[in-house]
Amino acid sequence: MQARAGRVGSWLGGATFEGYDPLGVTGLKTVDPPPEALVGAAVVGVDRRAKYVSLHFDNDLRIVFHLSQAGRLDFEAP
């Protein structure tokens with residue numbers, strides 16, 4: 001899992017959050033701040049705790065996601 005978080009950091013480091021498309025209402029667990037608060041923020045760090053990966057942004061917010069049972073993670077090119 002540590003290696004996977006490192007690869008995510010290499011791939012996303014410095015990227016700017018442009019928007020999101022939740023796959024379902026159960027996949028998004030936030031109330032305040034809303035996800036729109038991340039638009040325009042840059043990824044400044046990636047770490048993990050167990051099978052959760054945290055993306056840290058330059059506006060002091062973060063996204064935390066779970067790698068599921070298989071530990072699989074897919075990124076799509078914009």
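Tutor: Let us begin with a term: helices (H or I, at least four residues) and strands (E, at least two) are DSSP runs, numbered from the N terminus. This is a predicted model, in which local features need pLDDT of at least 70 and side-chain atom pairs count only at pLDDT 80 or more, while totals for chains, interfaces and linings use all residues. Residues are numbered from 1 along each chain as its sequence is written, and side-chain values use heavy atoms, with hydrogens and water left out.

The strand to look at is β2, residues 52-57, and S54 lies in it. Strands count as paired if DSSP finds at least two bridges between them. On one side, β2 runs antiparallel to strand β1 (residues 43-49), joined to it by 6 bridges, and R48 stands opposite V53 of β2. The hairpin of β1 and β2 has 2 residues between the strands, and A50 in this hairpin takes a positive phi near 55°.

β2 also pairs in the antiparallel sense with strand β3 (residues 62-66), over 5 bridges. Here V53 has F65 as its bridge partner in β3, and L55 has I63. These two strands form a hairpin as well, with 4 residues between them, and D60 in the turn has a positive phi of about 70°.

Now consider the residues of β2 one by one. S54 has a relative accessible area of 8%, so it is classed as buried (under 20%; exposed is over 50% and partly exposed in between, with a 1.4 Å probe and protein chains only). Contact means heavy atoms within 4.5 Å; leaving aside neighbours within four places in sequence, S54 is in contact with G45, V46, D47, R62, I63 and V64.
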